Amino acid sequence: MKNYTITVNGNVYDVTVEENGNGAAAPAPRKMAAAAPKAAPAAAPKAAAGAGNVKIEAKAAGKVFKIEAGAGAAVKKGDTVLILEVMKMETPVVAPEDGTVASIDVAVGDQVESGALLATLNN
């Protein structure tokens, strides 16, 4: 008989494996207290949604691929704030004017519709 501890999707299991007469193993799982899930990677601080006076909206539906400028970053007109994946193409979303990023209202991996609020700036 052998004992193993196995973690599956954050759940910890003690497993005892017995060998029967023909050499096959028969597991007898026993669920234990769940382990604490791993912390997600730290993200840039997120300001209140829609905090700025200049809105940056999606011109097409897509998926947020990358965030280039976080809240508090100074940007110039035409600087990339974030990148959307639209129809398998990386499409930069740029600052419409000079300012400071007040809020990023999406996260990487979010699906957005055309016209959705992505970020705001203060000018």
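**Close-up views of an all-strand chain**

**K66 and its contacts.** Leaving aside neighbours within four places in sequence, K66 is in contact with L82, I83 and V108. Contact means heavy atoms within 4.5 Å. This is a predicted model: local features need pLDDT of at least 70, side-chain atom pairs count only at pLDDT 80 or more, and totals for chains, interfaces and linings use all residues. Residues are numbered from 1 along each chain as its sequence is written, and side-chain values use heavy atoms, with hydrogens and water left out. K66 sits in strand β5. Buried means under 20% relative accessible area, exposed means over 50%, and partly exposed lies in between (1.4 Å probe, protein chains only). K66 and E85 are 19 residues apart along the chain, and their C-alpha atoms are separated by 8.8 Å.

**The whole chain is built from strands.** The protein chain has zero helices and 11 strands. From the N terminus on, its elements run β-β-β-β-β-β-β-β-β-β-β. Helices (H or I, at least four residues) and strands (E, at least two) are DSSP runs, numbered from the N terminus. Of the 123 residues in the protein chain, 26% are buried. The accessible surface comes to about 8,200 Å². Carbon and sulfur atoms account for 54% of that surface. Accessible areas come from the Shrake-Rupley method with a 1.4 Å probe; for residues, only the protein chains shown count as cover. Take the contacts between residues at least 6 apart in sequence: 51% of them join residues at least 24 apart.

Two strands pair if DSSP finds at least two bridges between them. Strand β5 (residues 62-67) and strand β7 (residues 80-86) are antiparallel and share four bridges. K63 stands opposite E85 in β7. In a regular strand the side chains alternate between the two faces of the sheet.

M87 is found in the loop between β7 and β8. K88 lies in the loop between β7 and β8 as well. What is the phi of M87? M87 is not a glycine, yet its phi is positive, about 50°. K88 is not a glycine either, and its phi is positive at about 65°. Most residues other than glycine have a negative phi. M87 is exposed, with a relative accessible area of 75%. K88 is exposed too, at 77%.

**A second open sheet holds β4, β11, β9 and β6.** The strand order here is β4-β11-β9-β6, and the pairing is antiparallel. Its edges are β4 (54-57) and β6 (74-75); each has a single partner strand, so one side of each has no neighbour in the sheet.

Strand β9 (residues 99-104) pairs with β6 in the antiparallel sense over two bridges. Strand β11 (residues 117-122) runs antiparallel to β9, and four bridges join them. In β11, A119 is the bridge partner of I104. Five of the six residues of β9 are buried, so β9 is largely enclosed by the rest of the structure.

**A nonpolar patch marks the surface.** Y4, I6 and V8 make a nonpolar surface patch of about 250 Å². Patches are made of residues with over 30% relative accessible area and no salt bridge: like charges are joined within 9 Å, nonpolar side chains (Val, Leu, Ile, Met, Phe, Trp, Tyr) within 5 Å. A salt bridge is a side-chain nitrogen of Lys or Arg within 4 Å of a carboxyl oxygen of Asp or Glu. Y4 has its place in strand β1 (residues 2-8). Y4 is partly exposed, with a relative accessible area of 40%.

The protein chain averages a pLDDT of 80, and 74% of the residues score at least 70. Over residues 38-46 the pLDDT is below 50. Beyond near neighbours in sequence, this stretch has four contacts in the model. pLDDT is the predictor's confidence in each residue, from 0 to 100. Where pLDDT is low, the predicted coordinates should not be read in detail.
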